Amino acid sequence: LFPASSNEDLFIAWLEVGNLWQPDVVFYRPDHGPEIASRADAARAIVAAMEQPDSGFHRMPRTFLMPDGGEVLVYARRDSPLLAEAPRPALSANATYGGAARLLGVDHAMPDQETLDLTFYWQSLAPTQGDYKVFVHLLDPDTGEIVAQDDRPLFPLIYPTSQWQPDRWLRDQSVIRLNKAYNKDEITLRVGLYSEAGRLPITAGDAAQTARGDHADLSLPIR
């Protein structure tokens, strides 16, 4: 067993019974293999603890294969991106990207005048060829120019898009820093998915947002 931090600088370490509270993600190889053969009893005890309803962990859908063919299971804290039930975002979007992902909507908050906290809700539909990133662009509603952005991989350690399975709900959080000069009546966001192969096209949408080609434009009230 070994945990990975959720920080940008990843670290790997052996997990002991006394520090189960520390990791965000735990990887476990059931057949133990050479890596943890000497720790098999402790590993089984820790996994049994994580399987308890009040442990704070749940098993993720993604698994890994070691070079020798051994399977590695993944456990994550319950504040992982996977949701147990369909979300109800304040702003609905329902934009479908290439048959692989559906942007269900977004919640937002402004803890101060220069910070925009965003929570996007996705539904995975099918795995993609390669792992995709999300781009979130804050636009000037008058000119359409990008004034701030947040581009990054979607859940790269736990549930990358190449591993997506149908009908799972996910929560993705983003923070955008607003320029003091952004004195607008509303917030205009442009959201899309891309990889080295290009952007995923939008194949369906609804009237709550504007979907064009390979992105969805969302309008949020300033609050």
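Predicted model: local features only at pLDDT ≥ 70, side-chain atom pairs only at ≥ 80, totals over all residues.

Colleague: Is Asp150 buried or exposed?
Modeller: Buried means under 20% relative accessible area. The relative accessibility of Asp150 is 16%. Asp150 therefore counts as buried.

Colleague: Which residue's side chain makes a polar contact of 2.7 Å with the side chain of Asp150?
Modeller: A polar contact needs a pair of N or O atoms within 3.5 Å. The side chain of Asp150 has such a contact, at 2.7 Å. The partner is Arg152.

Colleague: How far apart in space are Asp150 and Leu138, C-alpha to C-alpha?
Modeller: In sequence, Asp150 and Leu138 are 12 residues apart. In space, the C-alpha to C-alpha distance is 8.6 Å.

Colleague: With the side chain of which residue does Ser174 make a polar contact?
Modeller: Ser174 is part of strand E11, residues 168-177. Beyond four places in sequence, the contacts of Ser174 include Leu116, Phe120 and Arg152. Its side chain also makes a polar contact of 2.6 Å, and the partner is Asp150.

Colleague: Is Ser174 buried or exposed?
Modeller: The cut-off for buried is under 20% relative accessible area. Ser174 has a relative accessibility of 3%. Ser174 therefore counts as buried.

Colleague: Which strands stand at the edges of the open sheet?
Modeller: The open sheet has 6 strands with antiparallel pairing, in the order E5-E11-E8-E7-E6-E14. Each edge strand has a single partner strand, so one side of it is left without a neighbour in the sheet. The edge strands are E5 (82-83) and E14 (202-204).

Colleague: Which residue in E8 is the bridge partner of Ala109?
Modeller: Strand E7 (residues 101-112) and strand E8 (residues 115-124) run antiparallel and are joined by 9 bridges. The bridge partner of Ala109 in E8 is Asp117.

Colleague: Which residue in the hairpin of E3 and E4 takes a positive phi?
Modeller: Strands E3 (residues 57-65) and E4 (residues 71-77) run antiparallel, with 6 bridges between them. The hairpin has 5 residues between the strands. The positive phi, near 95°, belongs to Gly69.

Note on methods
Residues numbered from 1 in each chain as written. Heavy atoms only, no water. Helix = DSSP H or I, 4+ residues; strand = E, 2+ residues; numbered from the N terminus. Buried < 20%, exposed > 50% of the residue type's maximum accessible area, 1.4 Å probe, protein only. Polar contact = N/O pair within 3.5 Å; in protein donor to acceptor, adjacent residues only side chain to side chain. Contact = heavy atoms within 4.5 Å. Pairing = 2+ DSSP bridges.
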